Every structure is written in structure tokens, then in C-alpha cells.
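Please read them alongside the coordinates.

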Amino acid sequence: MIRLKDRLDLNEYNKFVSDGLFTIRSSDKFWCGRHKTNPYEIHEDYRRIDSRMSENKYKDEYVFMGAKKFIGSLCALPESTQFPEGLILAGSHDCAIYGFTLTSKEPVMKLLGHSDAVCSLSAGFGLFVSGSWDGTARVWSGQQCTAVLEGHGQTVWATEVYPLQNMILTGSADKTIRIWRQGSCENVLYGHTDCVRGLVITKDMNILSCSNDATIRLWSIQGQCLNIFQSHENYIYSITLLNDGVDFATCGEDEKIKIWKKGKCVQTIHIPSKTLWSIACLANGDLAVGCSDGAVYIIGKGTGDDSANNGPHGDDSNYMEIAPQFNGYEWDSLKKRWVKVKIGDGEESSDDVELELTEKPLKLKDFEHYLEIDGELCKIMFNKNEDPYEVAMAFIAEHKLSSSYLNGFMDYIIKNCASSKLPLCYNEFFPIQKYYRYLNANVAGLKAKLLEFTNFVSKPQHIPPPKIENLMLLVDFPEEVTEEQLQSLDIVISWDDEYLFPALDLLRLAVRCEGVGARIGNPPFINHLLQTLRNTKLSVNRVLVIKIFCNLFDVKKGAELMINFQGKICETVKEAVLSSDKTHKSASSLLFNYAVAAFNDLPLDIDLYCLNLIDMMKVIVDSDSLYRIFVAVGTLCIANNSAFMHFQSLNLYGALLACRKHVEIGNASAVIKHLLEGFQP
């Protein structure tokens, strides 16, 4: 198995296969490498090959940039008169599709139309199709959108061009597959019980689909389900045809690649990475698999011998390649001895097995263990932040061991050393880069209340109706703000508590105007709002103050001010949360925005944030509010590894378990599962 890793902290992957050329999804760029055939001898099954066996492997060849946000999908268009080397298409979370050639580092074209992330691309027969989180698919010819396919209720995760009859296939999070002809839906295929994540067309013109329900289904083009294939234990994210056009391979959340022949799973290959996002069959028969550990694994297929038509056991039965066995020992400070540690999931605890060694740990690194391999003891040392793969590979090289130990060593490091636990990975819920904003308003009602209350306040605070009319123009976010408007705003936000809420509601909208933000974005203004939050007797005023804080993040100077005053703001908001459940939704939005700020590289006080979040999470029971908090946790942990470690030290896992009863269904339930898996001790 060859492992390719881009040092740019890859978070998602997809494939582009054409004569051994492929690409990898990344944050705002993608990498491209070219394979040089390796002369290794293997049976017809797929085997793992050490990346250090030969220098004649893969190399960095192209890096393309231009997308503003994450790359979510890729595909290749064949050569044409305009693009003699073909075209690489990249769908981005910035809603655009970018086109690149092998001679261009920057996009040669940009296609707009989708209103959310483009998560699927497929091409064929002179056109290509895009699928999006906006619930639609689009058909493109050249740079023109020729059809918008509307009908799915949720994200369109999968698209495919059917070779005959001018048909398009789409698969969606709404659990259905749709067949389209000339922009109209001709059939809806029901059967999957969860998101449809991948589609391929077999050589005999049938359809294969994979799903989060852990099944693969075979369909006729008429919509009849011909077979259901089961072997995976969790979500299946990707499917690819093998080179015969009939057999196929799948991968998913269970860390396994499955090879399917004649409708049966004939081989299972385990890759010790939390999620296998995508799989592609290269022209030479190798499999490229993109994983959440920041690597692409190349699973080699050999030319075979007399047993080439059989599995390694001489038949087509399911099997998993068995790795060499070894024992591990760690230092027990109470016994003052090296004791055996658990390696496999099914192995019982073996603390009574001890080494005769009395040598104490050197403590040169965070972890120090002995591995017993073929009767010999070898010491392995590593730090908690080191890459398990790099540690395992260095250990193999140092002791001149077979590369077949690689996965076992990596599993040992990850499973038996808590601090080396891999952080949370990118998924459909987090990280989030956009701030949560409160922009909806009843403008007419707001103006009416201002006109009403100006007659009840003291004379120095009175605002004449014409000035209120002028003040209300701020709700439209004008580019220029007049001095008169600012003076009127200063007066209304100082009204007595019982008359204050329409002024705060206006400020909630107006604070996004740069002119307003520049005027009020200062310490006295923040202190005034905090005083209002502490002293007001009206819940509506508390909620509006927190919403103003949320909207301040949408302005650069406002975001900087929120970071500078993080301590005061979060402590005061926490007091409001503990005293009234009316503030829970807006407070969760504020926590959400602070996490997004950290993801956008603003200098958040991580320790203080983690403490405040857990304190607030303990009293919040509303599922919508908890959903925002869960997404905030995921976003922050991906932005900052120290946040992940700090949440662990504060037992966030226990707090999440306590919240589980409040989020039994919906998105909050799905997100908390990701967090519980990531933080499980």
C-alpha cells in the first residue's frame, strides 16, 4: 500500500482518474500526481504495498488554486479543441465550479448557478452534471447550464450520466434516486433508508448505488431493484467500478475497503483511518482511496500467477488479510514493572503478564512502550502530537521489519494511547466558516414602536418623527451613515429599560453598517451593552443584546472587538443563560460565532471559551441551541488541536452524554454522534 500525504492538512478527498492521473480534495486547493507502474508480483487480489519499497511510485506534479473555500467534488472532461489536454472540474463550497488545465495553476473558467456547496460532479457524452447542498442538480454543456433538475428534498450527493437515452441520474440525502430525461424527472427509485452517496453505471447498463444505510443496491434503468449487497458495518461513502465494468469496490465509515465480484464481497481491506471518503479504480487496476487521516492510499493490484482467479485462500470467500502478531507492554508505575497491554478489540485485559525487565522508562517522549516481535523486545517512543503513520514507518525502518506490520503498529498507537487520538474530522456538519446572523425584522412594527415610545421618554431623549423616519433607513444597510442618524441612534439606545427593546432591535440590524460599527465599536459601547444585559428586567432586552453581539462578528472591526472583550462578554452571557432559558438560542449562536472566528484565524482565548461553553451546555436543553453548540465544538476543534485536548481534559464527553437525551432525533442527534465518537475516552 502506497500512502500519499499532502502536508497542507487535507480534510476531504475525491478522485479524478485518467491514465493514472488523479487529484485530491483539499481546503482551498487540490494536488495532482502521476503514477509510474511498479513491477511488483502479487496475486489477482488487492494487497498493501509499502510506500518505501521503491522510488518509482508517485510524485507531486500539479497544484491548482483559485477556489475561495473547500473543494467538495472533482471530475475530468476529455480532450477537446478548446482544451487539448482535457479539463479538470472542481466544485467548491463557495457555490462555484472551477475549470483547470494541466498547464494552468489558476482557473481557466468559473461557473456559477448553485446557491450552496457543489458536492458532486460527473461527466460524459459531451456534458457534465453537478450536484449541490442546495438540493438541485445542474446539467452543463460547455460553460452553459442547459437544465436545472429540481425535485430532491435534500442535498444531491451523487450524479451520473447514463450512456443511453439522454438520461441523468441523481442520488440524494432524501434517500431516493431520480432518473431524468431532458430536464424532467421520469422515475424515482425508492429503497435506501438513508442518504444515497454514490452512483455508477455498469457495463450492462444497470445502476449501482451506495448509501449511508450500509448497503449497495443494483437497479435496472426501469427502476427495479435487482439485488442488495451487504457487508459494510457503517456508512458507505463511495463506490467505483473495477476495470471489467461489472465488479466494484466500496469504502466508508467502517475503515474498510470491500472488493465485490459476481455480487459477493471477496475481499476486505482495513485501513486504520477514521473515515474512507472516496475510492477510484485507476487505469492499471490499482485502487486510490482518500482518507480522513490526511492521506491517499494506493492499493496495488498485481499481474498474478496460476492462482490469479482466486483469493489468497484459494476461493472467493470473504476474508481480511491477517497482519503479523505482536505484544505490547507499558510501564505500570505502581507495580514498577512493564505489563502487557490490550492490542485487539476482542482481547481480554492481560495486566498479569509482565516482562522480567526492571529498566524504568527514559521519559524522553510522551509515550514509551516495548513491542515483543518474534520473541525480541523493541522499544517504541513517540509524542502525543506525532503522526501514528510516521512513527510506525520509522519504527519499521529502524528495526528492519516487514511492512506488513504497518497497520498493526498504527492501530496499537491510536487505540492504546489516548493522547494520540486523532482529532475530529471534516464532515457535513462542521467546520463552518460563516457567522450566524440575525437579520429578520418586522420593519413596520419596529418603526411603530419607536414612534410610540418617543412620546413617553423624557424630553432630552425625545426623537421627532422625521428623524425616526431617517433613522429607520439604517435597516437597509446604507453604504454611508449620516451624523444625524448616528446622533439619533445614540439617544434611542439610552432610553429607559421599559422602552429600550425597539432601539436594541434597530441596533441589531444597524450594527452591520460600517459607519455604525465604526462609531459604536469601542469599549464604552460594549460596556454599555453589558450593563444593559446585567441590569435589564426584560428578557427581550437580554436576547437582543446577545443578538447584537452575534451580528457584530459580521463586521471586521466588530469581530476584533468581540475577541478583545471575549472574557467579559462570555461571562456576562453565561450569567444570563443560567438565569433565564429565554437567552439560550441567542447564546448558543454567540458560542457558534466565536468558534467560527477561531476557524477564521482570530485569536480566541481557547481555555476560557471551553470552560464557558461546557458551563452553558449543562443547562441548555433546546435541541436547536444544542445543535449550534455541537457544531461550534467541532468547528473549533478542527481549527485548533489544543481545543480538542482542552475539551478532553474538561470531560466534554461526559457533558455530551448528559445532553444526548435532549437530541434524540434530527441534525443535533447526528452531530452529537460525531462528537461522542471523537471524544470517547
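How many bridges join β6 to strand β7, and do the two run parallel or antiparallel? The first point takes this up, after a word on the source. This is a predicted model, in which local features need pLDDT of at least 70 and side-chain atom pairs count only at pLDDT 80 or more, while totals for chains, interfaces and linings use all residues. Residues are numbered from 1 along each chain as its sequence is written, and side-chain values use heavy atoms, with hydrogens and water left out.

1. Strands β6 and β7 (residues 87-92) run antiparallel and are joined by six bridges. Leu-77 stands opposite Leu-87 in β7. Strands here are DSSP runs (E, at least two residues) and helices likewise (H or I, at least four), numbered from the N terminus; two strands pair if DSSP finds at least two bridges between them.

2. The open sheet has four strands in the order β6-β7-β8-β9, with antiparallel pairing. β6 (71-77) and β9 (109-111) are at the edges with a single partner strand each, so one side of each lacks a neighbour in the sheet. From one strand to the next, the twist averages 20°.

3. Strand β26 (residues 276-281) has six of its six residues buried, so it is largely enclosed by the rest of the structure. Buried means under 20% relative accessible area (1.4 Å probe, protein chains only). Five bridges link β26 to β27 (residues 287-291), and the two run antiparallel. Leu-276 has Cys-291 in β27 as its bridge partner. Five residues lie between the strands of this hairpin, where Gly-285 takes a positive phi near 95°.

4. Helices α11 (residues 566-579) and α12 (residues 584-599) cross at roughly 155°, their axes coming within 10 Å. Axes are lines fitted to C-alpha atoms, for helices over the stretch in contact, and angles run from 0 to 180 degrees between N-to-C directions. The two helices are therefore roughly antiparallel (over 145 degrees). The contact (heavy atoms within 4.5 Å) involves Gln-566, Ile-569, Cys-570, Val-573 and Val-577 of α11 with His-584, Ala-587, Leu-590 and Tyr-594 of α12.

5. Helix α14 (residues 623-639) packs against helix α15 (residues 641-649) at an angle of about 125°, with the axes 5 Å apart. In the contact, Val-633, Leu-636, Cys-637 and Ala-639 of α14 meet Asn-641, Ala-643, Phe-644 and Phe-647 of α15.

Conventions:
Buried means under 20% relative accessible area, exposed over 50%, partly exposed in between (1.4 Å probe, protein chains only). Angles under 35 degrees count as roughly parallel, over 145 as roughly antiparallel, 65 to 115 as roughly perpendicular and the rest as oblique.
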